[in-house]
Amino acid sequence: MASTYSNDLRLEEQAVGENSGTWGTRLNGTVSQIADGFSYGTKSMSGDANETFTMPDGTADATRSLYLKITSSATLTATRTVTLGPNTVSKLWLVENATTGSQSIIIKQGSGATVTIASGGVRLIYTDGAGSGAAVVDAFTDLATSGTFTAGASTFNGAITGTTATFS
């Protein structure tokens with residue numbers, strides 16, 4: 001059986017007895033890529049168009065990062081879609097929209113649900129890795145907290161109800 005890349009971080013899983021004389025080097029590369037899964041990375045959209053960022057098998061790439069800052073080399077003139085691949089990866093990402101042009105970006109993985117991130121916004125998302133029908137989900141859609149919640153310079157204690165609130 002040959003090495004495979006069937007896991008969510010696209011790391012090499014060596015077959016038993018394979019890679020004699022090189023397994024240490026390969027293992028060290030895998031450990032580095034695991035660390036990348038907890039890191040900060042930047043990917044740039046190459047133009048004013050939709051983009052796909054695919055996490056490669058066993059190779060360093062910012063797409064593997066936990067915090068993924070998306071920039072653009074061109075000024076976006078409309079909302080653009082960023083597809084995170086492969087569509088079989090189930091992963092948690094903090095994604096920042098640092099593109100130019102004040103446009104939102106839509107994050108997708110397959111034909112399932114998507115998440116839109118406004119210009120300058122950051123969202124905690126996860127991908128379900130369900131293949132062609134894969135979905136992207138906003139992890140904080142139904143965020144519930146108890147006790148004291150502090151956001152910026154504002155502290156909230158007790159119930160806050162309603163659909164819209166403005167605080168100063």
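Predicted model: local features only at pLDDT ≥ 70, side-chain atom pairs only at ≥ 80, totals over all residues.

Student: In which sense do strands E1 and E3 pair, and over how many bridges?

Tutor: Helices (H or I, at least four residues) and strands (E, at least two) are DSSP runs, numbered from the N terminus. Two strands pair if DSSP finds at least two bridges between them. Here E1 (residues 40-45) and E3 pair in the parallel sense over six bridges, with threonine 42 opposite lysine 69 in E3. E3 also runs parallel to E5 (residues 90-97), joined by four bridges; isoleucine 70 has asparagine 97 in E5 as its bridge partner.

Student: Is serine 3 buried or exposed?

Tutor: Buried means under 20% relative accessible area, exposed over 50%, and partly exposed in between (1.4 Å probe, protein chains only). Serine 3 counts as buried because its relative accessibility is 18%. This residue lies in the segment before helix H1 (23-36).

Student: Which side chains make polar contacts with the side chain of serine 3?

Tutor: A polar contact is a pair of N or O atoms within 3.5 Å; within protein, one must be able to donate a hydrogen and the other to accept it, and residues adjacent in sequence count only if both atoms are side-chain atoms. The side chain of serine 3 has such a contact with that of glutamate 12 at 2.9 Å, and another with that of glutamate 18 at 2.3 Å.

Student: How many salt bridges does the structure hold?

Tutor: Side chains of opposite charge can pair when their charged atoms come close. A salt bridge is a side-chain nitrogen of Lys or Arg within 4 Å of a carboxyl oxygen of Asp or Glu. The structure holds five. One of them joins arginine 26 and glutamate 12, with the closest N and O atoms 2.7 Å apart. That pair links distant parts of the chain, 14 residues apart: arginine 26 is in helix H1 and glutamate 12 in the segment before H1. Glutamate 12 counts as buried, because its relative accessibility is 13%, whereas arginine 26, at 34%, counts as partly exposed.

Note on methods:
Residues numbered from 1 in each chain as written. Heavy atoms only, no water.
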